[in-house]
Amino acid sequence: MDLGEAVIRSELVQKLCEDHPDLTAKEIERVVSAFFDSIIGQLQQGGRVELRGFGAFSTRDRDARKGRNPRTGDAVDVSAKRVPYFKPGKEMRERLNV
């Protein structure tokens, strides 16, 4: 993985396979899926997921509002919704700003 580039899920699984040769790619894929599914499930229930030193996932409510279609410029109603939010932990902020 190069610095400064986005990492996609398959690259994450590949990196974990390299770091843990005793596990199969299928096993690692199941672990990664279970990890992400657990976070999503908790957020769907209105909960929060905190990974010490890394950060916390939560949701925030967005009110309904008037938006604008960028192609036509027409006003569009945007409904209220919950959106995911990530707050980095202290250790992550410190490591990023070394």
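Me: In which helix does phenylalanine 36 lie?

Reply: Helices (H or I, at least four residues) and strands (E, at least two) are DSSP runs, numbered from the N terminus. In this predicted model, phenylalanine 36 belongs to helix α2. The model is predicted, so local features need pLDDT of at least 70 and side-chain atom pairs count only at pLDDT 80 or more, while totals for chains, interfaces and linings use all residues. Residues are numbered from 1 along each chain as its sequence is written, and side-chain values use heavy atoms, with hydrogens and water left out.

Me: Is phenylalanine 36 buried, partly exposed or exposed?

Reply: Buried means under 20% relative accessible area, exposed over 50%, and partly exposed in between (1.4 Å probe, protein chains only). Phenylalanine 36 has a relative accessible area of 30%, and is therefore partly exposed.

Me: Which residues form a nonpolar patch on the surface?

Reply: Patches are made of residues with over 30% relative accessible area and no salt bridge; like charges are joined within 9 Å, and nonpolar side chains (Val, Leu, Ile, Met, Phe, Trp, Tyr) within 5 Å. Accessible areas come from the Shrake-Rupley method with a 1.4 Å probe, and for residues only the protein chains shown count as cover. Here the nonpolar surface patch consists of Phe35, Phe36 and Ile40, which together have about 260 Å² of accessible area.

Me: How many salt bridges does the structure hold?

Reply: A salt bridge is a side-chain nitrogen of Lys or Arg within 4 Å of a carboxyl oxygen of Asp or Glu. The structure holds six salt bridges. One of them joins glutamate 29 to arginine 9, with the closest N and O atoms 3.2 Å apart. Glutamate 29 lies in helix α2 (residues 25-44) and arginine 9 in helix α1 (residues 9-19), so this pair ties together parts that are 20 residues apart in sequence. Glutamate 29 is partly exposed at 30% relative accessibility, and arginine 9 is partly exposed at 37%.

Me: Which residue forms a salt bridge with lysine 66, and where do the two residues lie?

Reply: The partner of lysine 66 is aspartate 77, and their closest N and O atoms are 2.7 Å apart. This pair links distant parts of the chain, with lysine 66 in strand β3 (residues 65-68) and aspartate 77 in strand β4 (residues 75-78), 11 residues apart. Both lysine 66 and aspartate 77 are exposed. Elsewhere, salt bridges with shared partners join Arg48, Glu50 and Arg52 into one network.

Me: How do β3 and β4 pair?

Reply: Strands of a sheet pair through backbone hydrogen bonds, either parallel or antiparallel. Two strands count as paired if DSSP finds at least two bridges between them. β3 and β4 pair in the antiparallel sense over four bridges, and lysine 66 has aspartate 77 in β4 as its bridge partner. The two strands form a hairpin with six residues between them, and glycine 73 in the turn has a positive phi of about 85 degrees.

Me: What is the strand order in the open sheet of three strands?

Reply: The order is β1-β2-β5, with antiparallel pairing. β1 (49-51) and β5 (81-88) stand at the edges with a single partner strand each, so one side of each is left without a neighbour in the sheet. The twist averages 30 degrees from one strand to the next. β1 pairs with strand β2 (residues 55-62) over three bridges, and eight bridges join β2 to β5.

Me: Which strands of the sheet does α2 touch?

Reply: Contact means heavy atoms within 4.5 Å. Axes are lines fitted to C-alpha atoms, for helices over the stretch in contact, and angles run from 0 to 180 degrees between N-to-C directions. Helix α2 packs on the sheet, touching β1, β2 and β5, and its direction makes about 40 degrees with that of β2.

Me: Is serine 58 buried or exposed?

Reply: Serine 58, in strand β2, is buried, with a relative accessible area of 17%. Not counting residues up to four places away in sequence, serine 58 touches Leu43, Gly47, Arg48, Val83, Pro84 and Tyr85.
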